[in-house]
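Dear colleague,

Please find below the structure for your review. My notes on it follow.

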Amino acid sequence: MESQSTFPAPAQPHRDELNGHAGTQEKAHDEQVLLIAPTGHDAAAMASLLDELNFHVSICNDPTECLEQIAAGAGALVITEEALELPGATILFEALKEQPAWSELPLIVLTSGDEPQFSRLLDQAADSAGTITLLERPLSAMTLVRAVEGALNSRRRQYRVRDLLEEQERNQRALRQSEAQFRDMAENIGPLAWMANPDGWIFFYNKRWFEYTGTTLEEMQGWGWEKVHHPDHLSRVVEKWQSHLKSGVPWEDTFPLRGKDGTYRWFLSRAFPFHDSGGKITRWFGTNTDVHELRETQDALHGAQGKLLQYSANLERTVEERTAKLRETVRELEAFSYSIAHDLRSPLRAMNGYAQLVREQCSQSLDETSRDYLQRISNSAARLDTLIQDVLSYTRIVRAPAELRPVDLDELVRGIIHSYPEFQPPRADIEIDGALPRVLGNEGFLSQCVSNLLGNAVKFVKPGQKPHVCIWAHVKRGGDVVRICFEDNGIGIAPENHDRIFNMFERIHSVDQYEGTGIGLSIVKKAVERMRGRMGFQSELGKGSEFWIELLKIKD
Amino acid sequence: MIPTILIVEDDRNDALFLQMALKRVGVANPVQIAVDGKEAVAYLSGSGKFSDRNQFPIPYLIFLDLKLPQMPGLEVLKWVRERPELNSTVVIVLTSSSDPHDVDAAYQHRANAYLVKPSGLDGLTDLAKSVKDFWLVKNQLPSLFSDMATP
């Protein structure tokens, strides 16, 4: 066929006129225009024209050459009628049949005008191509350019579709991945988990569920989970679950579930609904958390608390009972002491009295020995009486309430000295060195202590020696405690006896040497204890003793 | 008539010793004995066999033991102090207990004095002497008893 020149002589279209279209387009591979016009100079002419207008152009000498370009990306294909007859064209069209669904590479065919020949060739092309634009030669540059533009616009729309499809594909992938992640998480979290349709039909359980219950999806799906509920609790659970399905309010409940070993454990269960963009519930997601140990611990705790309260109440009761018993015992002791005071002493008075009367009234008929025996009876009775009185003093100190008050020691000591002739000249010299302070103590107890200590001091002297006692007080470091000292010139106490002297009834000497009951110091020790003070002594045999008492000083 | 002394004492020995002690120190006043609280009250109220006041006059001085059967000494004391006609009677508690509680209780019930029974006759005689010197010699007797002289 004689090739006709594509372009007539008339002038090229003005560039500016066309720039509006070409200028805004990217020079992308996707938009390259492929030219197949193997004969004549048409290809070159067209290429040059299009290129000047910023179209991306590639010339293919053979249809099969185009295939490579198309694979890389093509916007439109311009082909001459003559080229259609080339064997390569068939290959090209076969290839075009394999385009992806969105792609329909626009064809622009430059015809010669010969109808019959052309229609045969067109049939061939029609299968593979979608849009075919026919341009009859000769054609003006403008016509070509408009056709190419149209083709490229069409192509661009196809590319948009392609992009949308790709995006959709990406979204689908992302969604599937998200679903997979979610499933993964649901399977592997600690608690049992499941998902239900809005009507409550459960379609998914995580592997924990199956591990715990030892069931399969076939057994459990839908409402099969009722099988692993405890019969006592099932109806209330179902009722509550159904009411929440209806109301859409997140659900929470605690109930036992049967494990695969047949035992029940308590689970704290929760479910909440997913909503679509319209606010409708699309599914429920639920979990069951094993709280069995917690519950048992709580129960144990309650039990323990209950027991504790009980023990506490029992303890209070026991303490009350014991206290009452103790008070009763103390009362009995008091009554006992009282009885001792009277009932034990009265026979002694009788013994003593009658022995004396016999001695006095029968002195004529009695010999020395008999009189002596009678005297001993009297002495023994008197001694026992003193013992009893001392024991009574001791018990009084033990059980009396020790009310501690400020006591003027100076007054107290002077008073005692004045009360007893044995503490005064000529029988003894007792002097107070300096002033005695006021102390926190009990007047009765203190009197007892001072008289006992002074009594000992004047009693335990060498025979014939006049007792000399010095009393003084000094405040100890700190200023709170005062020590009152009783220093005597008596016989002193040997080291081996230092521990013994405070024991009840313990006496170092025989009654013949020094009379006494052996209770005096026990009483002093007890009394000082009850006044929360301390006592002690220093002594050397033959060198006298110094006894001291420590009490709290009253601040002036 | 010289004022009577009433000894309220359940222990026969103690009663005997006290009488002897009083005699030893020269107390010649008549001495009556009540062996328990009930009898003391009967005597003082002049009931039953004690209605003859010539034989059983109102005492000026009472020695009162605290530990008595039937009616404790403190109750007797209380009873006595409720009777205005006995306001002039001196009550001396004479008992074995030296417990401060007992002492305080006696004074609360308005005893005139509190003496602790000593263990021996000598002690008792000494006490009797003090009582005689103070209550029977030095003390001014109330008119109820004062037209009586002490020997």
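A crossing is left-handed if the near helix is turned anticlockwise from the far one by less than a right angle, and right-handed if clockwise. This is a predicted model, in which local features need pLDDT of at least 70 and side-chain atom pairs count only at pLDDT 80 or more, while totals for chains, interfaces and linings use all residues. Residues are numbered from 1 along each chain as its sequence is written, chains are lettered from A and ligands numbered from 1 in written order, and side-chain values use heavy atoms, without hydrogens and water.

In chain A, helix α2 (residues 42–52) passes helix α7 (residues 141–188) in a right-handed crossing. Helices are DSSP runs of H or I with at least four residues, and strands are E runs of at least two, numbered from the N terminus. On the α2(A) side the contact (heavy atoms within 4.5 Å) is made by A:Met46, A:Leu49 and A:Leu50, and on the α7(A) side by A:Ala141, A:Leu144, A:Val145 and A:Val148.

A:Asn352 lies in helix α11 (residues 292–361) of chain A. A:Asn352 counts as buried because its relative accessibility is 5% (buried means under 20% relative accessible area, exposed over 50%, partly exposed in between, with a 1.4 Å probe and protein chains only). Not counting residues up to four places away in sequence, A:Asn352 touches A:Ser378, A:Ala381, A:Ala382, B:Ser119 and B:Gly120.

Chain A also holds an open, mixed sheet of five strands in the order β12-β14-β15-β17-β16. Strands pair if DSSP finds at least two bridges between them. β16(A) and β17(A) (residues 545–552) pair in the antiparallel sense over six bridges.

Conventions. Axes are lines fitted to C-alpha atoms, for helices over the stretch in contact, and angles run from 0 to 180 degrees between N-to-C directions.
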